[in-house]
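The sequence and structure come before the description.

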Amino acid sequence: MEVAIKTNNYEVVPHNLRFSEIRIENTNRCGYRCFFCPREEMTRQQGVMTLEDLVLILDQVGDHEGLVDLHGFGEPLLDRLLLDRVKLIISRWPKAGPRFYSTLGVKVQPDYFQQLVDAGLRHVEVSFYGFDEASYSLAHGSNRYDLARENLTRLCAAQRNSQGKLNVVVRAFPKHDTVKQPGASAKRIEVFQDWLDQLGVTIFRERDLHNYGNGRDYNTPGSDIPCSVVWGYRRRVLQITWDLFVIPCCFDFNAEVRLGNLRTQSVEEIFFGPEYATFIQHHIENRLEAYPVCAKCDRCYRP
């Protein structure tokens, strides 16, 4: 549904079924236990998407020239079919921009990142919240600091060899009034930034720490303004779990709000169906009791 905003009223019109981003969860498995991430709350089945299911998604969506995320609530490098997925996506959507978010805490072959770039990978965002083994383990619940550093070095080498085709972003720890990065100090951050500069990482992206829907209580839930899933950015994102459920948002880590499943329904049937219509109507009216993941969310107000 597209929504034209008129003061406090929302005029609902049919969804145009055009998406700026297709977010495909290749797996929801992860070996990390980052303290700010509610993995302990995830009760849905864990698995890895088959290539056949990826083909089904490509067939269902049709043409696409925007971003294609190959990650969800998991670590994409645990997917041993990741390289094949990038190749398949580029073969079907040559103007698309494949990307993923990663901790890089998975052992891969030395030339693996170069293979991904050669296959068509265009963007990687890295969560690297540590300055040594101790601070890294406190943040990520994992002692893979050295492995992550090694992989980041190799990833940045692939970026240098890509002739501008690959962009690597290392994310700064999210901003928050009281929740801070373990072991952080101005000097340590400066030294870390110097290392990234040497690697050729030109963007050190920062964002606000969020609640992961109802997974954490870091921030006060949203206001009377409906989430942009009704009227803006999140309406233009198609979010698909590894087992082909369409959900409204990446913050729905447990896939509680299932709008439909591409194995049995088309994209059109889902976005013109009763589950989606009810979901949007409840958001417009700010009646979120039936959607706990939305009721406790910070919400997204991006146009």
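His123 counts as buried because its relative accessibility is 13%, where buried means under 20% relative accessible area, exposed over 50% and partly exposed in between, with a 1.4 Å probe and protein chains only. The model is predicted, with local features needing pLDDT of at least 70 and side-chain atom pairs pLDDT 80 or more, while totals for chains, interfaces and linings use all residues. Residues are numbered from 1 along each chain as its sequence is written, and side-chain values use heavy atoms, leaving out hydrogens and water.

**Histidine sites**

His123 belongs to strand β6 (residues 123-127); strands (E, at least two residues) and helices (H or I, at least four) are DSSP runs numbered from the N terminus. Its side chain makes a polar contact of 3.3 Å with the side chain of Asn167. Such a contact is a pair of N or O atoms within 3.5 Å; within protein, one must be able to donate a hydrogen and the other to accept it, and residues adjacent in sequence count only if both atoms are side-chain atoms. Beyond four places in sequence, His123 is in contact (heavy atoms within 4.5 Å) with Pro98, Arg99, Phe100, Leu166, Asn167 and Val169.

His210 sits in the loop between β8 (203-205) and α7 (228-231). With 12% relative accessibility, His210 is also buried. A polar atom of the His210 side chain lies 3.0 Å from the backbone nitrogen of Tyr212. Not counting residues up to four places away, His210 touches Tyr218, Asn219, Phe251 and Asp298. Arg299 is 89 residues from His210 in sequence, with a C-alpha to C-alpha distance of 8.8 Å.

**Helix packing**

Two packed helices are described by the angle and the distance between their axes. Here axes are lines fitted to C-alpha atoms over the stretch in contact, and angles run from 0 to 180 degrees between N-to-C directions.

| Helix pair | Axis distance | Angle |
|---|---|---|
| α2 (residues 82-92) and α3 (residues 112-119) | within 9 Å | roughly 15 degrees |
| α3 and α5 (residues 145-161) | 8 Å | about 35 degrees |

The α3 and α5 contact involves Phe113, Gln114 and Val117 of α3 with Asn151, Arg154, Leu155, Ala158 and Asn161 of α5. On the other pair, Leu82, Leu83, Val86, Lys87 and Ile90 of α2 meet Tyr112, Gln115, Leu116 and Ala119 of α3.
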